[in-house]
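Reader: Please show me the sequence and the structure. Then I will ask about side chains and how they pair.

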Amino acid sequence: ADPSAVRWRDFVNSKSGFHFVTPLGADVEPTYAGLFNIDHQVSDVLQGTCTTAQVNPFTYFDHQPQVCALSE
């Protein structure tokens, strides 16, 4: 329902050549404030996997970093 997410899909799709490297879907661990899954990596040439790094919940970070192992 978010217009920015809809616009993002205009650029990241099978026709554009760009794909999501980070996992998507309702069952993916939220990376923003424990509520939303909005932090993504995309690429047109790199493949690999990404995981969410666990950080101390008492820090001032509202996003959890994505750690990716990528290759061409």
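Reader: Is Phe-36 buried, exposed or partly exposed?

Author: This is a predicted model, so local features need pLDDT of at least 70, side-chain atom pairs count only at pLDDT 80 or more, and totals for chains, interfaces and linings use all residues. Residues are numbered from 1 along each chain as its sequence is written, and side-chain values use heavy atoms, with hydrogens and water left out. Buried means under 20% relative accessible area, exposed over 50%, and partly exposed in between (1.4 Å probe, protein chains only). Phe-36 has a relative accessible area of 48%, so the residue is partly exposed.

Reader: How are the rings of Tyr-32 and Phe-36 arranged?

Author: The whole structure holds 1 aromatic pair. Rings of Phe, Tyr and Trp (its six-membered ring) pair if their centres lie within 6.5 Å; planes under 30 degrees apart count as stacked, over 60 as edge-to-face and the rest as tilted. For Tyr-32 and Phe-36 the centres are 6.4 Å apart and the planes at 25°, so the pair is stacked.

Reader: What is the relative accessible area of Tyr-32?

Author: Tyr-32 falls in the partly exposed class. Its value is 27%.

Reader: Which residues form the disulfide?

Author: A disulfide is a pair of cysteine sulfur atoms within 2.5 Å. The structure holds 1. Here the sulfur atoms are 2.1 Å apart, and the partners are Cys-50 and Cys-68.

Reader: Which side chains meet in a salt bridge?

Author: A search of the whole structure finds 1 salt bridge. The term means a side-chain nitrogen of Lys or Arg within 4 Å of a carboxyl oxygen of Asp or Glu. Both partners lie in helix H1 (residues 3–11), 3 residues apart, about one turn of the helix. At 3.0 Å, N to O, they are Arg-7 and Asp-10.

Reader: Is Gln-64 buried or exposed?

Author: Gln-64 sits in the loop between E3 and E4. Contact means heavy atoms within 4.5 Å. Leaving aside neighbours within four places in sequence, Gln-64 has contacts including Glu-29, Asp-39 and Val-55. At 19% relative accessibility, Gln-64 counts as buried.

Methods
Helices (H or I, at least four residues) and strands (E, at least two) are DSSP runs, numbered from the N terminus.
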